[in-house]
Every structure is written in structure tokens, then in C-alpha cells.
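Here is a friendly walk through one structure, with a few stops along the way. Keep the 3D view open as you read.

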Amino acid sequence: IKDPEKQNDLAYMAGLSYIKSNNLKQAIKWFEQLVHTQYPNPDILYLYGECLKYFEMYDDAARRFYDYTFEKPKDPKGKLAQQSCAEAKKWKAVPTRYAVTNVTSVNSTNSDYSPYVIGTKIYFSSSRPEATGNQIFEWTGQKCSDLFEATMTNAGFQKPVILKGTV
């Protein structure tokens, strides 16, 4: 396509497509091209900023959010996004006393989410191979999730099992 306006429209659509498929590295490439053009849609600045923020490029992201606010001064999300970048930089500069570790006895390579702890038990959703049913969730290509529980002992967490009464 030789028409620059159409090229930019396609680049914008490609960037949006990559965001929707959670491939933000590719989205950044397309949005970066558009930022250096006269693309008329200021939403590109916000979307580009969100992608940059995801990869902890807070200064660059804040600049894009500032530009977005300049283009759309009545939209509060630009200023909020700028503030979120400043806060994230502060948090990174002063780490907490907590360390996040992979509890390999509980975590799987599939989707594990929504943990809830009661006493010595952790309950969570998972699409791990032990999940029942044959349906595959199209978005992830994994089984639909079931509820699991794992008990914590002095040696760590026991192997998770399907929560009784959910099958």
C-alpha cells in the first residue's frame, strides 16, 4: 500500500490486534511507527504508553501519557496513567520485605489463578491436566478450569487435588 494514510490505519489495526492477542512486544513495534507520524487518533499515545508500562519503561510510558493528556485534556485516564508510572517507579526503588517465589508443588504450567487461603489450605482455580471434563477453552487452548485445594504442612504444600463436591 503506497498511501501513507492507509499504511498508518493498517499499522494501528495491527497494533490493536497484537494487544488483543497479548503480544505487546509486537504491538509496541507498530505503535512506535505511528507515534512518529501525524496519525490523527490520540488513542495511539495511550495504547503505546500502556504497552511501554507493561515492560516497565515508565519514563517513556509517562511521556506518552503526557502527550495523550495534551491531546485529550478532558480525559482523566492520561493523568492517572502518568501517576501510575510515577508510583511504579517509587515501588521499584524501594522493594518490600516480601519475596515472590514459585511454589512449584502447587503451580502448574497451565492457568492457576484466584488463590484463597483458609488456615492451612489454599484453594484456587486451575486448568491443569487433572481438571475434569473434555472441553477446551478456545482462548487458551487449555481445559476449562476446576477448583483445587492444597494443604500446607511443615514440609511445604502437598500436591493439589480437585476440591470435593465440584465434580
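This is a predicted model: local features need pLDDT of at least 70, side-chain atom pairs count only at pLDDT 80 or more; totals for chains, interfaces and linings use all residues.

## H4 and H5

Let's take the partner that follows in the chain. H4 covers residues 58-71 and H5 covers residues 77-93; the two pack at an angle of about 165°, and their axes are 8 Å apart. H4 is therefore roughly antiparallel to H5, as angles over 145 degrees are counted that way. The crossing in which H4 passes H5 is left-handed.

Which residues meet here? On the H4 side they are Tyr58, Asp59, Ala61, Ala62, Phe65, Tyr66, Tyr68 and Thr69, and on the H5 side Lys77, Gly78, Lys79, Ala81, Gln82, Cys85, Ala88, Lys89 and Lys92. By class, the residues of this contact of H4 with H5 are 9 nonpolar, 3 polar and 5 charged.

## H3 and H4

The axes of H3 and H4 cross at roughly 160° and come within 8 Å, which makes H3 roughly antiparallel to H4. H3 passes H4 in a left-handed crossing.

From H3, the contact draws on Asp43, Leu45, Tyr46, Tyr48, Gly49, Glu50, Leu52 and Lys53; from H4, it draws on Tyr58, Asp60, Ala61, Arg64, Phe65, Asp67, Tyr68 and Glu71. The contact of H3 with H4 has 8 nonpolar, 1 polar and 7 charged residues.

Setting aside neighbours within four places in sequence, Pro42 is in contact with Tyr68, Glu71 and Lys72. Pro42 and Tyr68 are 26 residues apart in sequence, and their C-alpha atoms are 6.1 Å apart in space.

Asn8 sits in helix H1 and is also buried, with a relative accessible area of 17%. Beyond residues up to four places away in sequence, Asn8 touches Leu34, Thr37 and Tyr39. For a sense of distance, Asn8 and Val35 are 27 residues apart along the chain, with their C-alpha atoms separated by 10.0 Å.

Most residues other than glycine have a negative phi.

Asn22 lies in the loop between helix H1 (4-20) and H2. Although Asn22 is not a glycine, it has a positive phi of about 60°. Its relative accessibility is 61%, so Asn22 counts as exposed.

Glu56 is found in the loop between H3 and H4. Glu56 has a positive phi of about 60° too, and is not a glycine either. At 45% relative accessibility, Glu56 counts as partly exposed.

Methods: Residues are numbered from 1 along each chain as its sequence is written. Side-chain values use heavy atoms; hydrogens and water are left out. Axes are lines fitted to C-alpha atoms, for helices over the stretch in contact, and angles run from 0 to 180 degrees between N-to-C directions. Helices (H or I, at least four residues) and strands (E, at least two) are DSSP runs, numbered from the N terminus. Angles under 35 degrees count as roughly parallel, over 145 as roughly antiparallel, 65 to 115 as roughly perpendicular and the rest as oblique. A crossing is left-handed if the near helix is turned anticlockwise from the far one by less than a right angle, and right-handed if clockwise. Contact means heavy atoms within 4.5 Å. Ala, Val, Leu, Ile, Met, Phe, Trp, Tyr, Cys and Pro count as nonpolar, Asp, Glu, Lys and Arg as charged, and the others, Gly among them, as polar. Buried means under 20% relative accessible area, exposed over 50%, partly exposed in between (1.4 Å probe, protein chains only).
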